[in-house]
Amino acid sequence: MNGFSFSELCCLFCCPPCPSRIAAKLAFLPPEPTYAFIEDEGSKFAISLSERAEWQYTEETKESVEGFYARTSRGNRIACMFIRCSSNARFTILFSHGNAADLGQLCSFYLGLGLRINCNIFSYDYSGYGISGGKPSEKNLYADIDAAWHALRTRYGISPENIILYGQSIGTVPTVDLASRYEVGAVVLHAPLMSGMRVAFPKTRRTWFFDVFPSIDKIPKVTSPVLVIHGTEDEVISFSHGVAMYERCPRAVEPLWVPGAGHNNVDLFEQYVERLKQFVSVELVN
C-alpha cells in the first residue's frame with residue numbers, strides 16, 4: 001500500500017463519500033500482465049507466460065495449469081487458474097493474492113506450494129489485474145471471489161469442506177468476506193489487515209462509515225478454522241493487525257508469527273511451509 005502525506009490522507013478520508021477512491025489509491029497496484037490465455041479446448045485455455053513471470057519449472061509441467069474465464073455479478077470477466085499439484089490431494093486452496101502481482105508472476109509459487117503441502121491450487125485475478133476485465137475496487141473484490149468460488153464449486157465439483165480459503169495481504173479482504181458467508185474447510189490469513197483506515201491511521205479504534213475493507217468486523221462471523229500468519233517486522237501492514245484478527249477469530253488455531261519477517265518474505269522462512277503442512281495434513285484431518 002502506497003505511502004501518503006498526512007494532508008493527502010486527510011483529503012482522501014475527510015471528503016466522503018469516496019471509499020472507492022481510498023481503496024484504489026491505497027490498495028491496488030496491478031502490474032503489466034505477465035501471461036496470456038491460449039485456446040485449448042472448449043472453455044479451457046493453456047497458459048502462455050512472459051519472461052517477467054519467471055516460470056521455474058519445465059514446459060511440460062505447464063500442462064498441469066489450466067486457465068479459464070468466469071463472469072462476476074458486476075459484469076466483469078475474470079481470469080482463473082487451476083493448478084493440479086497432486087493426484088491425491090484432499091484439499092484445494094482458493095488463493096486470493098496480494099496487491100502488486102498477477103497470476104503469471106505467482107504461477108511458480110502456487111505450483112511449488114501445492115507440491116510441498118499436497119494441495120491443488122485455484123486462483124484468480126481481480127478485476128483490472130492480469131487479463132481480467134474491469135477496474136479494481138472494493139466491491140469488485142467481493143464479486144470477484146464470489147465468481148471464483150462458484151466456478152471452483154461447479155466446474156470442478158469440489159465440496160466446501162475440501163476448500164481452504166487463503167488470502168494474502170489485500171487478498172485477506174475478499175477471503176474474510178467469503179468466509180463470513182460460507183462455511184469452508186479452513187481459512188488462512190497471511191498478513192491480514194483490520195481495515196483501510198487502521199492501516200493508514202494506526203491509532204484508529206473504530207470502523208468509520210467511510211472506511212474500506214472492514215475485515216475486523218467480519219472475522220467474528222467466520223465459523224471455519226482460521227490460521228493467521230504474520231511477520232513481526234511487517235513494514236506495510238503492522239503485525240498488530242494480525243494479532244487483532246487472530247484474537248477476534250472464533251475458531252483460530254495456533255498462529256504463525258514469523259520473527260524478523262516483513263510483508264513480502266514470510267514464505268522464505270522454513271517455518272512457513274512446516275506450519276501449513278501441519279495445519280493441512282494433521283490439524284484439519286484430525
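## Largest pocket

The largest pocket has a lining of 16 residues, and those nearest its centre are G98, A101, L106, Q168 and N264. Its space amounts to about 420 Å³. The lining comprises 7 nonpolar, 8 polar and 1 charged residues. In this classification Ala, Val, Leu, Ile, Met, Phe, Trp, Tyr, Cys and Pro are nonpolar, Asp, Glu, Lys and Arg are charged, and the others, Gly among them, are polar.

Grid points are joined across faces, edges and corners, and the volume is the space filled by probe spheres set on the points.

## Basis of the model

The model is predicted, with pLDDT of at least 70 required for local features and 80 or more for side-chain atom pairs, while totals for chains, interfaces and linings use all residues. Residues are numbered from 1 along each chain as its sequence is written, and side-chain values use heavy atoms, with hydrogens and water left out.

## Cavity

There is 1 cavity of 30 Å³ or more in the structure. The largest cavity holds about 30 Å³ of space. Its lining consists of I93, I117, I164, Y166, V188, L276 and V280. By class these residues are 7 nonpolar, with no polar and no charged.

Two elements, β7 (163-168) and α9 (270-283), each contribute at least two residues to the lining of the largest cavity. Helices (H or I, at least four residues) and strands (E, at least two) are DSSP runs, numbered from the N terminus.

## Aromatic pairs

The structure contains 20 aromatic pairs. Rings of Phe, Tyr and Trp (its six-membered ring) pair if their centres lie within 6.5 Å; planes under 30 degrees apart are stacked, over 60 edge-to-face, and the rest tilted. One of the pairs, F68 with Y156, is tilted, at 6.1 Å centre to centre and 55 degrees between the planes. F68 belongs to strand β3 (residues 65-71) and Y156 to helix α4 (residues 138-156), so this pair ties together parts that are 88 residues apart in sequence. Both F68 and Y156 are buried, where buried means under 20% relative accessible area, exposed over 50%, and partly exposed in between (1.4 Å probe, protein chains only).

Y124 and Y126 form an edge-to-face pair, with 5.4 Å centre to centre and 80 degrees between the planes. Y124 is buried at 0% relative accessibility, and Y126 is buried at 1%. A cluster of Y35, F37, F45 and Y69 is linked by ring pairs.

## Charges over rings

R77 sits over the face of Y69, a ring of that cluster, at 3.6 Å from the ring centre. R155 sits over the face of F68, at 4.0 Å from the ring centre. The rule requires NZ of Lys or CZ of Arg within 6 Å of the ring centre and within 35 degrees of the ring normal.

## Cysteines

With a disulfide taken as a pair of cysteine sulfur atoms within 2.5 Å, the count is 0 disulfides. C80 is in none, and the nearest cysteine sulfur, that of C107, is 13 Å away. C80 is buried, with a relative accessible area of 0%. C249 is also in no disulfide; its nearest cysteine sulfur belongs to C119 and is 19 Å away. C249 is buried at 9% relative accessibility.

## Positive phi

Most residues other than glycine have a negative phi. A191, which is not a glycine, has a positive phi of about 55 degrees. A191 lies in the loop between β8 (186-190) and α6 (196-200), and is buried at 3% relative accessibility.

F213 likewise has a positive phi, near 55 degrees. F213 is placed in the loop between α6 and α7 (215-218), and is buried with a relative accessible area of 1%.

## A covered helix and an exposed loop residue

Helix α5 (residues 172-179) is mostly covered, with 8 of its 8 residues buried. These include the charged residue D177 as well as T172 and T175.

E51 lies in the loop between β2 (44-49) and β3. E51 is exposed, with a relative accessible area of 78%. Its C-alpha atom is separated by 9.7 Å from that of G104, 53 residues apart along the chain.

How values were computed
On a 1 Å grid over the protein atoms alone, a cavity is a set of points where a 1.4 Å probe fits but cannot get out, and a pocket is an open set with protein on both sides within 12 Å along at least five of seven lines; lining residues have an atom within 4 Å of a point.
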